[in-house]
Amino acid sequence: TTKTLIPDETIRTTCTYCGVGCQLDVSVIDGEIRGIQAPETAEVNEGHTCLKGRFAFQFYNHPDRLTDPLIKRDGKFEVVSWEDAYDFMAKKLTAVKEAYGADSIGCISSSRATNEENYLMQKMTRVALNTNNIDGCARVCHAPTAYGMQKAFGTGAATNSIKDLGMTDCILLFGANPTEAHPVTGARIKQLFMQGITSIVVDPVKTSLAKLATYHLQLRPGTNVAILNMIGHYIVKEGLVKNEFIQKFTEQYNEFYQHVISLDMNELEYITGVSKDLVKRAAIAYASSNNAMEFHGLGVTEHFQGSKTVMLLSNLAMMTGNIGRPGVGLNPLRGQNNVQGAADMGVQPHQGAGYMDVNDPEIQNYYAQKYQIPEMPEREGLKIPEMLDAAINGKFKALWIMGEDTLMTDPNTMHIRKAMEQLDILIVQELFMSATAEMADVVLPASSYFEKNGTFTNGERRVQRVNKVIDPIGNTKPDGQMIIDMMFKLGYEQPTGREYDAAKILDEIADVIPFMKGINWERLGTNGLQWPVLEDGTDTQIIHRDGNFRRGKGKFHHFDFEETPELVEHRNKYPFILTTARQLEHYNAGTMTRRTDNQELSPMDYLEVNPLDAAEKDIGADDKVKIFSDRGSVIIPVKLTYLVKPGVVRTTFHQPEIFINMLTGNVGDEFTLTPEYKVVAVDFEKI
Ligand code: SF4
């Protein structure tokens, strides 16, 4: 017989995985989560989810959950009380500050945590630890998007909304595979591709969307700037630019024009490996469409020329007038659920909450007055790679990480391990004993997103509620509660009180960040609000409306292609290019999804190798290989596939057995230091 289970309650919340920000209805029976449905009334996902959001929830009560604070003594973790953990941390942090100064301490916040928690983390770093050394995991993903779009448009956020897909005639998908990484948006894009919309995919891999696209520009990894220069050249040469828009709303176009018109297409064809005729046809198709939308992902940002690529993508939108109305614009596909929100909240060493420059004395006064403290730290802080380098040089002594497995996800594992070993204290807030937590001196057990209130901001600037579904597991606390507790220990009294109250903290955020002025908990309702939100609660689906860029005129930039130092230095010895990717079933380091049934669906990472390369190296379909770079080596099973071209290999990095970041290096984006995960010089051999 079958028994129908009636939930005790069903609570609406926001998915914790990717930046699409799907709404979920979570059903609870006897305090346990028993199922998740997709509400049809949700504006973001309209009744759809992917198999992460809907099924990968069992991690929340997995036996591996950390349930008590831990302090490492003589190399072993001991369970302690919260009070003991806080006292230990306060004593150590104060000693480090007195001995080496406030700038020897730094914090890494989390794009997985709520806006309120990110806001508190950056605030604690600045007002209680007195340093701007605060950074987040955008450093390893979309920092070039924020930087490049701010330079071009004045705002580092998606210009349009996902629902604009219904109003576009052309999609340019650049360095993104939303089918795996943003599945609900990916499915909508796929439907449009199948219906025959003009579609251009720029990707070194023949992804499932690339197979369906009108044009697939399968370029050599690392040559994004070169191919965008080709596209720009052909649009200019064919006379497809929108002169009136350019004259009225932009500047520096002439310099850009002179640059692209003089470029040698034969040379760029050789560099990119893509036929110039194909690029020309794709460029004409994009520029001739009535409304063209651009989407980009980590295939743009995780490169040596990542920020420059973002600025060139911005050029495309401006030169063809594809900005400031429905169905157009530049739309970064944000990886983590709250990567947009973490940056909005000031999780950056150079800008505080609301993207205001921390080294500007007027801004310092503004924050000091809002935070009710005499003065703010003046010096711009360190980015994550700079903190780690400073630790190796003995100048950085204390690191506090909230919800990040830095050792597993950041590049060059041995370098990070060495840096962490030099610290006087490493503090980690986590759900599970991650590789980074293993190295910590203090581990604080965090509540998952099911166990707390707050908000996440999705990739279209939509701030949505995260509603508590169940009580915190074991002796865990929300990250925000731990930060408030520690602020108090360090001498700062949070004005909203000693309890982590998301609604009150959101009010404080609305008071500090001008573009969130009209946001409050009640107004967010069930579908959230897209910033900027005016005082009366009116939100904004499209920014830069009618060419009104947020800080003056839109700015053109121009750049030459430069080969990444990774290949210049290492390709003679390591002739293959490794590029990294994601699987639908898993999320990043897999900390959560590996502890769900999704692990059964996809239990392995593979190295994808073109059969021609495999034949040359006598590698068969069931073989394992040792893959090595200048930094280290790992052993990994192979999968033979024509999805990658000869000379290119690809892998995911969800399983801890294969520590793929043993291979990745220290080359990063010139402006933001975002690591170049997408081009790693490697070689491999059968074992
Ligand atoms: Fe969650 Fe993203 Fe899947 Fe939506 S598409 S259910 S936000 S992982």
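In this predicted model, the residues of the shell around the ligand comprise 8 nonpolar, 5 polar and 1 charged. Of the 14 residues around the ligand, those that come nearest are Cys15, Tyr17, Cys22, Cys50 and Gly53. Two elements give two or more residues to this shell, namely helix H1 (51–55) and helix H6 (183–194).

The domain assignment of the protein chain lists domain 1 (9–61), domain 2 (70–141 + 338–530) and domain 3 (565–686). The centres of domain 1 and domain 2, taken over C-alpha atoms, are separated by 26 Å. Contact between these two domains involves 17 residues of domain 1 and 19 residues of domain 2. On the side of domain 1 that touches domain 2, strand E1 (9–14) and strand E2 (23–29) each supply at least two residues. The largest share of that side, 4 residues, comes from E1. By class, the side of domain 1 that touches domain 2 has 8 nonpolar, 7 polar and 2 charged residues.

The packing of helices was examined next. Two packed helices are described by the angle between their axes and the distance between the axes. For helix H8 (residues 224–237) and helix H14 (residues 306–319), the axes come within 9 Å and cross at roughly 15 degrees. Angles under 35 degrees count as roughly parallel, and H8 and H14 are therefore roughly parallel to each other. Their crossing is left-handed. On the H8 side, the contact is formed by Asn224, Val225, Leu228, Ile231, Gly232 and Ile235, which meet Lys308, Thr309, Leu312, Leu313, Asn315, Leu316 and Met319 of H14. The residues of this contact of H8 with H14 divide into 8 nonpolar, 4 polar and 1 charged.

Helix H14 also packs against helix H4 (residues 143–153), at an angle of about 40 degrees and with the axes 8 Å apart. Angles that are not roughly parallel, roughly antiparallel or roughly perpendicular count as oblique; H4 and H14 are therefore oblique to each other. The crossing of H4 and H14 is right-handed. From H4, the contact draws on Pro144, Thr145, Tyr147, Gly148, Met149, Lys151, Ala152 and Phe153, while H14 contributes Gly306, Ser307, Val310, Met311 and Ser314. In the contact of H4 with H14, 7 residues are nonpolar, 5 are polar and 1 is charged.

A further contact of helix H8 is with helix H11 (residues 265–272), where the axes come within 9 Å and cross at roughly 145 degrees. The crossing of H8 and H11 is left-handed. Ala226, Ile227, Asn229, Met230 and His233 of H8 make this contact with Met265, Leu268, Ile271 and Thr272 of H11. The contact of H8 with H11 consists of 6 nonpolar and 3 polar residues, with no charged residues.

Two features of the backbone were also noted. Most residues other than glycine have a negative phi, and most peptide bonds are trans. At Asp74, phi is near 50 degrees, a positive value in a residue other than glycine. Asp74 is found in the loop between strand E4 (70–73) and strand E5 (76–79). The peptide bond that joins Trp531 and Pro532 is cis, with omega about 0 degrees. Pro532 has its place in the loop between strand E21 (529–530) and strand E22 (554–555).

Note on methods
Residues numbered from 1 in each chain as written. Predicted model: local features only at pLDDT ≥ 70, side-chain atom pairs only at ≥ 80, totals over all residues. Near = placed C-beta within 6 Å. Nonpolar A, V, L, I, M, F, W, Y, C, P; charged D, E, K, R; others polar. Axes fitted to C-alpha atoms, helices over the stretch in contact; angles between N-to-C directions. Parallel < 35°, antiparallel > 145°, perpendicular 65-115°, else oblique. Left-handed = near helix turned anticlockwise from the far one by under 90°. Contact = placed C-beta atoms within 7 Å. Domains from an automatic or database assignment.
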